[in-house]
Amino acid sequence: MRAFCSSANLGPGYDIVGLALNAFHDIVEVELVKGDGRAEVVDVRGPYSNSIPLGERNSAAEAARAALKLAEQRLDAKIRIWKGVPPRRGLGSSGASAAATVRAIDILLGGVLKDEELVKAASEGERISSGSAHPDNVAPSLFGGLVVIGREVLKFKPDFEFLLAIPWIDVPENKTEYMRNLIPKEVPLDKFSKHCLHLSHLMLGIALNDARIFGEGMNYSFIDECRSRSIPGFDELRRRALENGALGVSISGAGPSILILCEDCPRVSRVLRDEFKRIGVPATILEASPA
Ligand code: HSE
């Protein structure tokens, strides 16, 4: 089973909007044997194989146990992973392994889980890897395209093109938890209002499949405002991208990668490459489409 990487939040859609992108993917094989709901990863290969520990304490095994429990199956899962999504870059690496695992189990069981249950099970994998069961990476990795997650799972296939800028900077071991702790529990009313305005643009852009409105939505989020100082050069990179024709710029998930919506991606890519060079931060810049 293959699952693509994902970019969560898209600016103001914190924990409720995520987008699967064709830049990286994981491949997972699951074998179900008689048992009592245990799950373990028995093999990890691929370029980022050292990011997922063997055994029972990892996002894929946690998600598998949750799926088997929801499906009320007395079976054990043996999981093999080819790990192609780089970890701790804000690209939903643990979410991709969890999503592929849950999807594979559901297929083996004959498609017994509802969409909301697939998301719930895969999100349990996120709890162990980041301390919170946020669904906005696993849902796009499960269903593809752009997903808005509430009581229902709403799926869209926007016709937009993106760049992913991936800075290879050091990040804390518990990066997502660390980045979530940067967000204060209370939001000043003027910022709340601005955040809601941009979230409205994001939703309208999705509904109308309009890249300009969607990009305007990406361009402000209270969450990104709180987190951006932890990404070297973020404000300047965003400014340069926007003045060179990008339509929207946001932190990808909990960062440090940056998601850029553009019409002329090669032009914006050149500008960002120069800017990363100027500030001395090694980075990869990739074109990526909704997967
Ligand atoms: N919505 C989550 C966050 C995504 O921003 O913390 C983490 O990948």
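## The surroundings of Cys 5

Leaving aside residues up to four places away in sequence, Cys 5 is in contact with Leu 21, Ala 23, Phe 24, His 25, Val 85, Leu 91, Gly 92, Ser 93 and Ala 96. These contacts, like everything else in this report, are read from a predicted model, and Cys 5 itself has its place in strand 1, which runs over residues 2–9.

Is Cys 5 buried or exposed? A residue counts as buried if 20 or more other C-beta atoms lie within 10 Å of its own, and because Cys 5 has 31 C-beta neighbours inside 10 Å, Cys 5 counts as buried.

The domain assignment divides the chain into domain 1, residues 2–156, and domain 2, residues 162–288. The centres of the two domains, taken over C-alpha atoms, are separated by 24 Å, and 23 residues of domain 1 are in contact with 31 residues of domain 2.

On the side of domain 1 that touches domain 2, the elements that give two or more residues are strand 1 and strand 2, and the largest share, 6 residues, comes from strand 2. Sorted by class, this side of domain 1 holds 10 nonpolar, 11 polar and 2 charged residues.

## The shell around the ligand

Where does the ligand lie in relation to domain 1 and domain 2? Both domains give residues to the shell around the ligand, and therefore the ligand lies between them. There are 14 residues around the ligand, and those that come nearest are Ala 8, Asp 15, His 134, Gly 253 and Ala 254.

Strand 1, strand 2 (13–34) and helix 5 (175–180) each supply at least two residues of this shell, with the largest share, 3 residues, coming from helix 5. By class, the residues of the shell divide into 4 nonpolar, 7 polar and 3 charged.

## The chain as a whole

The chain has 10 helices and 10 strands. Its radius of gyration is 18 Å, close to the 19 Å that the globule rule gives for 291 residues, so the chain is as compact as a globular protein of that length. Along its principal axes, the C-alpha trace spans about 60 × 35 × 35 Å.

Of the 291 residues of the chain, 52% count as buried. Among the contacts with a separation of 6 or more, 72% are between residues 24 or more positions apart.

Key. Residues are numbered from 1 along each chain as its sequence is written. This is a predicted model: local features need pLDDT of at least 70, side-chain atom pairs count only at pLDDT 80 or more; totals for chains, interfaces and linings use all residues. Helices (H or I, at least four residues) and strands (E, at least two) are DSSP runs, numbered from the N terminus. A residue is buried if 20 or more other C-beta atoms lie within 10 Å of its own, exposed if 12 or fewer, and partly exposed in between; C-beta atoms are placed from the backbone. Two residues are in contact if their C-beta atoms, placed from the backbone, lie within 7 Å. A residue is near a molecule or strand if its C-beta atom, placed from the backbone, lies within 6 Å of it. Ala, Val, Leu, Ile, Met, Phe, Trp, Tyr, Cys and Pro count as nonpolar, Asp, Glu, Lys and Arg as charged, and the others, Gly among them, as polar. Domain bounds come from an automatic or database domain assignment. The radius of gyration is taken over C-alpha atoms; the globule rule is 2.2 Å times the number of residues to the power 0.38.
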